[in-house]
Amino acid sequence: MLSIEEVTATLEHAGQSHVLQFWGELSEGEKSSFLRELSQLDLHELREHCARAAESAATVHSASAASQHLEPVPSEFIGSVRRSNQTTLNCWENEGYLQISQNRVAVLLLAGGQGTRLGVPYPKGMYNVGLPSQKTLYQIQAERIRKVQELANAKHGSKCTVPWYIMTSEFTLDPTKKFFQENNYFGLDHSDVVMFEQRMIPVVTFDGKVILQEKGKIAMAPDGNGGLYRALVDNKVLEDMEMRGVEYLHVYCVDNILVKMADPVFIGFCVSKDADCGAKVVEKAYPEEPVGVVCRVKGVYQVVEYSEFLPESAEQRGPDGELVYSAGNICNHFFTLAFLKQVTQKYQGQLKQHVALKKVPFVDRDGNLVKPTKPNGIKMEKFVFDVFQFSRKFVAFEVLREEEFSPLKNADGALLDTPTTARRSLLAQHYRWALAAGASFVDAQGKPLLSSPRATKDEDPPGVCEISPLVSFFGEGLDQLLGQKALTTPFLLDENRAKELLQAQ
């Protein structure tokens, strides 16, 4: 730990001496804690970080700059669930299951952000959207890993493991660890769940001054999901993967309730194309939809934010009437271990830093806590997808939005991406699965319900049906259980219910 004299000198050099303005008011315990926090900062980088943040916030980004050099991803580098025949999809899926069965596939969860917009004081993965089972996002994802392992084992007569790497932050590490321990890791071997922490960086004012959150504490924020690459090095995660024989990574964000863990079709597609980097995408719902688009700029693959598109580019359509720039990014990626090693060794320092303006509580000059009503702070963050440009062979894989993408970002009352829309998305999917398996639905009085297979996240399905991931990974194997059965809504198909249905046959 640095001495107070060393910290004082370094802060003065960085133009941040105000950080210690309340030093004399702190207790000995608070001084010790604050000194420890300041010692853990890279104080020599602080001057550059603050200057870069202020400069970036003052820069006006031009939409035309990116739009002048845009190209869509070439068709030969795009796979699609919608446009591919069943034989091709089966081929990719078989390749994916083969890789999983040989312990070459791991999943990596990006879970460092706080649930601020969701309005909860705990990690998003612990959130319960109100399903009949009352399962949290973490439990749903853990059970999907268990099921994909089971399916790979059954196909290849092997005993395989899909390790689960979870990147947390200072805010989410301890509660996530405790939650998993209290729930016995949801049936996974605890040694196969590897949690690690991304770095935190100071939040600064628009004129480049570090914000004091308390008299003895700096306002800090995770360095974005692009902080993954530095965290992999800091925590020796790549060495752990190599030791386990992992060659392929499926990387995703915690808030997508429909995420298909270690998706064999996606893995198989990327492996068969010899790709070192891949991105799942969904077709944009409309030209102005506020999602980033996977495309090329001056021949380099990247995600261009919707704000960087000129209207004429966003609205451009091809001969078939579909949007030319339709590949909506959903933060769902494939990487080879070799590519991640290359990124961490050669390219990490070249990653672009993005500006996010935030409302950050702070201590004013008089020591009073102020909660601002408009953004007052700059959070600098890196994005996980900014490594696409370094790929030797990049591919995109289009999936159906209603089957694989429904994020949880906002509290109920917002228009989009709420607990209600997430819950409806999952229940609508499971309702479609049940109908496809030959089931029908009746209400509590036995009256048949009108079957509408197009149930979406915008409305409740006619029949409430939840299917445990431990019973079906992605709709498979339900014919034998549900075929020709009239199910009373609400219907919960868990492992016990599945056993009862099998025994009754």
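The second largest pocket holds about 1,000 Å³ of space. The model is predicted. This briefing covers that pocket, a surface patch and some backbone geometry.

**Second largest pocket**
- The lining comprises 35 residues, and those closest to the centre are Leu 41, Arg 199, Met 200, Ile 201 and Met 220.
- Four elements, α2 (28-40), α3 (43-58), β6 (200-202) and α8 (228-234), each give two or more residues to the lining.
- The top contributor is α3, with six residues.
- By class, the lining splits into 16 charged, ten polar and nine nonpolar residues.

**Nonpolar surface patch**
- Phe 206, Val 355 and Leu 357 form a nonpolar patch on the surface.
- Together they have about 240 Å² of accessible area.
- Phe 206 sits in the loop between β6 and β7 (212-214).
- Phe 206 has 39% relative accessibility, so this residue counts as partly exposed.

**Backbone geometry**
- Most residues other than glycine have a negative phi, and most peptide bonds are trans.
- Asn 103 has a positive phi, near 60°. Its place is the loop between α5 (86-101) and β3 (105-110). Asn 103 is partly exposed because its relative accessible area is 26%, between the 20% and 50% cut-offs.
- Lys 236 also has a positive phi, near 55°. This lysine lies in the loop between α8 and α9 (237-244). Lys 236 counts as exposed because its relative accessibility is 56%, over the 50% cut-off.
- The peptide bond joining Thr 489 and Pro 490 is cis, with omega about 0°. Pro 490 lies in the loop between β22 (486-488) and β23 (491-493).

Terms used. Residues numbered from 1 in each chain as written. Predicted model: local features only at pLDDT ≥ 70, side-chain atom pairs only at ≥ 80, totals over all residues. Heavy atoms only, no water. 1 Å grid on protein atoms, 1.4 Å probe; cavity = no way out; pocket = protein on both sides within 12 Å on 5 of 7 lines; lining within 4 Å. Points joined across faces, edges and corners; volume = space filled by probe spheres on them. Nonpolar A, V, L, I, M, F, W, Y, C, P; charged D, E, K, R; others polar. Patch = residues over 30% accessible without salt bridge, like charges linked within 9 Å, V, L, I, M, F, W, Y side chains within 5 Å. Areas by Shrake-Rupley, 256 points an atom, 1.4 Å probe, with all protein chains shown as cover. Salt bridge = Lys/Arg side-chain N within 4 Å of Asp/Glu carboxyl O. Buried < 20%, exposed > 50% of the residue type's maximum accessible area, 1.4 Å probe, protein only.
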